[in-house]
Amino acid sequence: MSQTKTIEVPDIGDFKDVEIIEVLVQPGSEIAPEDPLITLESDKATIDVPAPEAGTVKKLHVKVGDKVSKGSKLLDLEGSGEAAGGADAPASGGGEKAESAKAESGAASAPKKAAAPKAAADPNTDSQCQVLVLGSGPGGYTAAFRAADLGLDVVMVERYPQIGGVCLNVGCIPSKALLHAGEVLHEAERFAALGIKFGEPEIDLEGLRGYKGGTVKKLTGGLKQLCKQRKVRVVQGVGEFTGANSIAVEGNDGREVIGFEHAIIAVGSQAIKLPGFPWDDERVMDSTDALDLAEIPDRMLVVGGGIIGLEMACVYESLGAKVTVVELSDTLMPGADRDIVRPFEKRAKKRFENIFLKSKVSGAKATKAGIVCQFEGEAKGLPEEDTFDRVLVAVGRGPNGAKIKAEAAGVQVSERGFIEVDSQQRTNVEHIFAIGDVVGQPMLAHKATHEGKVAAEVIAGHKVHFDARAIPSVAYTHPEVAWMGVTEEQAKADGIEYTKGVFPWAASGRAIALGAEDGLTKLLFDADGRVIGAGIVGPSAGDLIGEAMLALEMGAEMEDIGLTVHPHPTLSETVAFAAEVAHGSITDILPPKKR
């Protein structure tokens, strides 16, 4: 007759108050003698605590992060009578595993990979894996590849035919391809002043779509090959949880139920569709539709003055459309400092038909003549009504957390569709993780990739956390705008003491040669002289912001940056010059007066 007993931490040698870095079982898990129950990590060793006998876990008394010693309660086990090492083995552990742990306590040892908990039995499961990744965007495929590199059996589920998610297929990559094409057109215009004249450009939309598609195909094809090389199985279809250890995938080949030991939710987000627009009319677009380049409209309205809306506005304007932007807030690119947005705004006002701030579209209807929009707001010259050939609605993105039946796995999802996680990307269900857009702002691919690595490494038993000091933001507009860390507006609002160094690109030989004299580089330093924020506007600002990010993460001071020899003439040296401005040692411009 089976009985339930409490399993305690056995004698693990000269250890006390050791942190639990992994709980390897859960209520309902069937375990055999010597199966690892938890993983402990001290400054000397990583230790697996084994099961003293076979049975079913009924209740856990510990969680990750708890500190335990000999005799600490671990779990309640309904035993089957099969003990480790035979019938005479002690009920609370020991044996060879514990003796091995004692031996390890005498010297430091390399961390061992923690074993993953076994998936709960499911008679309806068609296949099993150690790690299931739901979604193949930058966060998803990064998590899958990292987990595979750490020796885990990985399945990646993707609803669309091509892996890569929104970013590679209908987001970051195709938009950057089109933005590059648009910038080349602008460059050709500017070259007339340099004595080089080109003929009137001829836009071949089919060819441009082919260039965009080819760029995407190269990247997605490369990912497909990496999946094969890493033995990551890709299942195409819509995945939904059916339990805490299983997902059903509905695809063209039918239904497959996949059992897993761990899952990583990487389902991303989708464009928000504002009510009041005739969405059944193809002339009303979201960002995905806009990238299709169905046509170049004569007049186009962009609803939303954030990064996505402005990038697409730049694309269509460069191809010949008359673009109007309407934004509800009092500035373009909310969240960035005004001084780094101003050069873009100045250029946009010359090239766009209209920019209306503190305004909104109060209604829209489809007519034969176009999409008729009504406006409300405080912008000067704002019409009550106007007609556009195309309307792009780009007011943000919403998470997809509510679309995967996460409740079937016990995963908590907010009313807005977000999934809360801890610093190790764990959801409220210990063996299920979430990364990327679905866990919250900022919704950026580079945040998702780092979170994906953390989730994979935690599953593999590594003691890691997501602890980025800042997440950079980049608008790949003409010109580019990039910022990271504390903005100057935020520092003022929060009462943060700071020193500012601003270097105008009008004093940069490289910028002058590029015709980018209106750019600037700004660094913010705290009271100790360490970098806390940065903003850059101009060509390649998105590349340059990486140096400021590294300075922030490394705790660099203004002298460290200024004394680092940068190549000349380059745009990168404007970062060093900005630090010299803050320090007062700048020679390329007059140093600011000390207050």
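This is a predicted model: local features need pLDDT of at least 70, side-chain atom pairs count only at pLDDT 80 or more; totals for chains, interfaces and linings use all residues.

User: How much space lies in the largest cavity?
Analyst: About 60 Å³. Residues are numbered from 1 along each chain as its sequence is written, and side-chain values use heavy atoms, with hydrogens and water left out.

User: What counts as a cavity?
Analyst: On a 1 Å grid over the protein atoms alone, a cavity is a set of points where a 1.4 Å probe fits but cannot get out. A pocket is an open set with protein on both sides within 12 Å along at least five of seven lines, and lining residues have an atom within 4 Å of a point. Grid points are joined across faces, edges and corners, and a volume is the space filled by probe spheres set on the points.

User: How many cavities of 30 Å³ or more are there?
Analyst: Three.

User: Which residues line the largest cavity?
Analyst: His186, Cys314, Glu317, Phe344, Arg347, Ala348, Arg351, Phe352 and His478. Two elements give two or more residues each, α7 (307-318) and α8 (338-351); α8 has the largest share, with four. Helices here are DSSP runs (H or I, at least four residues), strands are E runs of at least two, and both are numbered from the N terminus.

User: OK, pockets. Which residues lie nearest the centre of the second largest pocket?
Analyst: Glu183, Glu187, Arg190, Arg347 and Pro539, out of 33 lining residues. About 810 Å³ of space lies in that pocket. The largest share of its lining, eight residues, comes from α4, while α4 (172-190), α8 and α11 (509-514) each supply at least two. By class, the lining has 13 nonpolar, eight polar and 12 charged residues. Arg347 turns up here and in the lining of the largest cavity too.

User: Switching to helices: at what angle do α2 and α5 pack?
Analyst: Helix α2 (residues 138-149) and helix α5 (residues 205-230) pack at about 25°, with their axes 10 Å apart. The axes are lines fitted to C-alpha atoms over the stretch in contact, and angles run from 0 to 180 degrees between N-to-C directions.

User: Why is α2 called roughly parallel to α5?
Analyst: Because of that angle of about 25°: under 35 degrees counts as roughly parallel, over 145 as roughly antiparallel, 65 to 115 as roughly perpendicular and the rest as oblique.

User: Which residues make the contact?
Analyst: Tyr141, Phe145, Ala148 and Asp149 of α2, and Leu223, Leu226, Cys227 and Arg230 of α5, where contact means heavy atoms within 4.5 Å. Those divide into six nonpolar, no polar and two charged.

User: Last topic: where does proline 479 lie?
Analyst: In the loop between β26 (473-475) and β27. The peptide bond from histidine 478 to proline 479 is cis, with omega near 0°. Histidine 568 to proline 569 is cis as well, with omega near -5°.

Technical notes. Ala, Val, Leu, Ile, Met, Phe, Trp, Tyr, Cys and Pro count as nonpolar, Asp, Glu, Lys and Arg as charged, and the others, Gly among them, as polar.
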